[in-house]
Amino acid sequence: MAKTYYIRQATREDIPHIQELLKITWHKSYDLPLGKERVTELTKQWHTTERLEKDLNKDHCKFLVCEENGEIIATSFLNHQENTAILGRMYIHPNHQNKGIGSQLMEKILASKAKGTCISLTVEPQNTSAIEFYKKFGFKIEGQGSCSEDPHEDIPTLIMKRIETD
């Protein structure tokens, strides 16, 4: 049986820990395909305190963290917009991957959205473990592109979508 982790809504006090988690996971996930310098640049641009605070305060959004022994080891963000939603910042610390944390986060995220919602996400094409993970939850590759609000035309990405009909 998988261990149950403490998953909760993120708070303002979590932001420095979320930033550190994102920095570690981004370098582990993207240094090879994008280069260390580009990953550092993107992390500084996309994970600012102001940006994360803004996301914390958005209506109809779910910004979750997962804790183990008081340490934030994972995060996920779902931005609801009418019958659509965008999943982002689904990252698990490299030392805690393959322990069921991502599945528990995904179940919480999916439970928080309205029936019939189409959920989109953007994934790096070489991140095959993430692609396979999302497929387990019913996401399908729609093609190249991005559903992110961040400009990054120079980074190859795929859009994956999940539509729940019941």
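A residue is called buried here if its relative accessible area is under 20%, exposed if over 50% and partly exposed in between, using a 1.4 Å probe and protein chains only. By that rule Tyr 134 and Phe 139 are both buried.

A word on the source: this is a predicted model, in which local features need pLDDT of at least 70, side-chain atom pairs count only at pLDDT 80 or more, and totals for chains, interfaces and linings use all residues. Residues are numbered from 1 along each chain as its sequence is written, and side-chain values use heavy atoms, leaving out hydrogens and water.

Now to the aromatic rings. Rings of Phe, Tyr and Trp (its six-membered ring) pair if their centres lie within 6.5 Å; planes under 30 degrees apart are stacked, over 60 edge-to-face and the rest tilted. The count comes to eight aromatic pairs, including these two:

| Pair | Centre to centre | Angle between planes | Type |
|---|---|---|---|
| Trp 26 and Trp 46 | 5.5 Å | 80° | edge-to-face |
| Tyr 134 and Phe 139 | 5.8 Å | 65° | edge-to-face |

Trp 26 sits in helix H1 and Trp 46 in helix H2 (residues 36-46), so their pair ties together parts 20 residues apart in sequence. Helices (H or I, at least four residues) and strands (E, at least two) are DSSP runs, numbered from the N terminus. Trp 26 is buried at 8% relative accessibility, and Trp 46 is buried at 9%. Together with Tyr 30 and Tyr 91, Trp 26 and Trp 46 form one aromatic cluster.

Finally, look at Ser 76 in strand E3 (residues 71-81). Ser 76 counts as buried, with 0% relative accessibility.
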